[in-house]
Number of protein chains: 2
Amino acid sequence: MSEVLEKGRAAKKASFQLNGKTTAEKNEALARISEQLIIDQAEILAENSKDLEHGKQKGLSDSVLDRIMLNEKRIKDMSEAIQQLIKLEDPVGEILETIHKENGLIIESKRVPIGVIGMIYEARPNVTIDAATLAVKTGNAIILRGSSSAQYSNYVLTKTIHRALAKTNLPIDAVQSIENTNRESAKELFHLNDYLDVLIPRGGKSLIDTVVKEASVPVIETGAGNCHLFIDESAKLEMAVRISINGKTQRPSVCNAIESILVHENWFNQYGEELVAALTEKGVEIIGDEKVCQKLPSTKPASEEDWYTEFLALTVSIKVVSNVDEAIEHINKYGTRHSEAIITENQEHANSFLTFVDAAAVYHNASTRFTDGFEFGFGAEIGISTQKLHARGPMGLKALTSNKYFIRGEGQVRG
Amino acid sequence: MSEVLEKGRAAKKASFQLNGKTTAEKNEALARISEQLIIDQAEILAENSKDLEHGKQKGLSDSVLDRIMLNEKRIKDMSEAIQQLIKLEDPVGEILETIHKENGLIIESKRVPIGVIGMIYEARPNVTIDAATLAVKTGNAIILRGSSSAQYSNYVLTKTIHRALAKTNLPIDAVQSIENTNRESAKELFHLNDYLDVLIPRGGKSLIDTVVKEASVPVIETGAGNCHLFIDESAKLEMAVRISINGKTQRPSVCNAIESILVHENWFNQYGEELVAALTEKGVEIIGDEKVCQKLPSTKPASEEDWYTEFLALTVSIKVVSNVDEAIEHINKYGTRHSEAIITENQEHANSFLTFVDAAAVYHNASTRFTDGFEFGFGAEIGISTQKLHARGPMGLKALTSNKYFIRGEGQVRG
């Protein structure tokens, strides 16, 4: 039997046992994991340094090496994040609906764990702890499949989790890590329908696209954010500039950053140069449509492909539009259904934009950077869903639950 | 451009427009469709008779021909079902959550249409009307892909819907029907990720399995029900027999019918013959494990394959088990996560069964036949989901909605 199949079976079995565990038992397990990270610190750092060594030999970029790197501070942060997770309310067991039937049947819909979650991710060993502890909190078993560039780190972190779980009532098999990081193990996960209830990819666009395209198990699509800001005719200059700068430059590498600014032509004629100057001053490279390039000859022209592009860098595309409808149409064509904002003093235009733009989060007079599980007050974030089924937008603990109908009777049959 | 691609685009465009339609506008459209069915009755019956004629020539079975067949009564029923649908509450617009942030941001999560729904189904022209009207009620566009054996009926019914929509504010393109019913058009739908938000298969196991296995668009898996009844040691004879008969014989062809009965060995030794006699009297064919065959030599032995089988007929498999844990383990291995029941007077056993059996609906002392959107009081049913994401169990109108975050500010940026 292959590793994936074997671990899939074990995870499924563990997931059945997890259905009977109390919040106290799950929190106890989290406390032990939080502790064990500190106990095992020296071993974790030693293994992590092997990944870093291999990464340097392979010529990985500094930014990738930084993602792989663990140190005392980062381990302490992981340990403390688990303490925060313990404090969050357990969504499992919540009664979603109670139906009393005339025939005496009582139908209760309750929140239950999903079952077995698969997580496929790139070079970030912190995801191993993050995903495993979110799964434990919600009573799910999890199968982790990280990348080869963090394999020593992922392996030792899984060992730490297992040592911690061995001290508790929870089955060790609840957390499985696939050691074989070749393409075959990913493919097996894509089609592990008998044991996997959902597969969540975390990483770049190409990883997510591959999973969506190939997997026959249910997938939650996360991440890609080609987010727009539309500056309407009546937008206040200061607000428009402030939100443009915040959306583009506060953290350019994240999915809720702004990639494209659409500007009403009257506003652009009046304030376009000021907006561009403010962005340029912050080091933002600007590419624009014909009107932008005409007015500001230093601007590079944007290609058709650019309007689809999530730059994740200090680059922004700017397009001049005639009205809110043109902005909406552009966003619904080129956007990725993540976060979209309008700056306007016209309430009607705001309502139209919020209603007709198709995205997980739509903003009036605020920065798209707020689309985030912590900012929304969920206390945790599994990812940001850009699909419309199951969960949309920032996903907190509830996104890792399903529902189940409990029906109690005294012998009722259907007539 | 292919038919599927063209209609996919048109449906997507219509779905954007539908976001702005009110409950009154959608109900008005439903009323027009209800009317138009009666107006177009003669034309519909004439086209339907072509399908029946072709079906007879192709040698379709009487039961399939009966599913294809429309008559005045059936058209009247469809028309009246729409009147009932009009009366149901519109889930779109419901505020699911309001978050007031300290910085003054107001975050509202609202129910919105999913967007574009694909429905792929077998020889039942009534699904054309059913699915289209559920979509209209929830503000979704829909792409219908029925089977060639009902193509004339589906075509004329779509024409009826379009005639009705033409009298309203709703875009005609909201309802699309794929006329090309070959394998290629299905394959195209499976991968129409740019235009389709969800694909729902309605039909037999082989159709559903194909869609789940092949589609890269999100799928809601419905239907298959290998449902079990576990008769525990303390079960009352009369109740156990009544529920067995109801579960197996009241409507054997449906997904919530009982396919397998697990019996505690002590109960079986005392009452097994009575149970079997009662089932046999109702015309049920029984296949059993070794213990059943030993005690009742007239019983045919069940193969390993039989425990996985949804008979959808007057056949039931019976297995003797030692305790509730063995019953749970058997169900979690062979079941399809649909509906599972325990008959017991032992509350602890009941709780254990309900907690650890992994299914959309779990019953204590009641028939599995109640798993149904109408029985649960939803007023409509899109299908019964046996997966755990998005919707589980009977799906009402809410299952055809998603959520969207509306965020309103006065220029807030992230610090």
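How many salt bridges are there between chain B and chain A? The count is eight. This is a predicted model. Chain B and chain A bury about 6,100 Å² between them. Chain B can be laid on chain A by a turn of 180 degrees.

**The contact between the chains**

- The contact draws 73 residues from chain B and 72 residues from chain A.
- Of the area buried between chain B and chain A, 54% is on carbon and sulfur atoms.
- Three residues of chain B stand out: B:Leu389, B:Tyr405 and B:Arg414. They supply 14% of the area that chain B buries against chain A, more than any other three residues.
- One salt bridge joins the side chains of B:Lys388 and A:Asp197, at 3.6 Å from N to O.
- Polar contacts also cross the interface of chain B and chain A, with 42 residue pairs found.

**A strand pairing across the interface**

- Strand E16 (residues 401-412) of chain A pairs with strand E13 (residues 361-366) of chain B.
- The two strands run in the parallel sense, and five bridges link them.
- Within this pairing, A:Arg408 has B:His364 in E13(B) as its bridge partner.

**How the copies are related**

**Salt bridges in the whole structure**

- Over all chains, a search of the whole structure finds 60 salt bridges.
- One of these pairs A:Lys26 with A:Asp90, whose closest N and O atoms are 2.8 Å apart.
- A:Lys26 lies in helix H2 (residues 23-39) of chain A, while A:Asp90 lies in the loop between helix H5 (72-87) and strand E1 (95-100) of chain A, so the pair ties together parts that are 64 residues apart in sequence.

**Strand pairings inside chain B**

- Strand E9 (residues 285-288) of chain B runs parallel to strand E11 (residues 315-321) of chain B, and four bridges join them.
- E9(B) also runs parallel to strand E10 (residues 300-301) of chain B, joined by two bridges.
- B:Gly288 has a partner in each of these neighbours: B:Ile318 in E11(B), and B:Pro301 in E10(B).

**One residue in its setting: B:Ala10**

- B:Ala10 lies in helix H1 of chain B, which covers residues 3-18.
- Which residues does B:Ala10 touch, not counting residues up to four places away in sequence? They are B:Asp173 and B:Gln176.
- B:Ala10 and B:Pro252 are 242 residues apart in sequence, and their C-alpha atoms are 41 Å apart in space.

Definitions and conventions. Residues are numbered from 1 along each chain as its sequence is written. Chains are lettered from A and ligands numbered from 1 in the order in which they are written. This is a predicted model: local features need pLDDT of at least 70, side-chain atom pairs count only at pLDDT 80 or more; totals for chains, interfaces and linings use all residues. Side-chain values use heavy atoms; hydrogens and water are left out. Contact means heavy atoms within 4.5 Å. Buried area is the accessible area (1.4 Å probe) that two parts lose on being put together, summed over both. A salt bridge is a side-chain nitrogen of Lys or Arg within 4 Å of a carboxyl oxygen of Asp or Glu. A polar contact is a pair of N or O atoms within 3.5 Å; within protein, one must be able to donate a hydrogen and the other to accept it, and residues adjacent in sequence count only if both atoms are side-chain atoms. Two strands pair if DSSP finds at least two bridges between them. Copies are superposed by least squares on the C-alpha atoms of residues with pLDDT of at least 70 in both.
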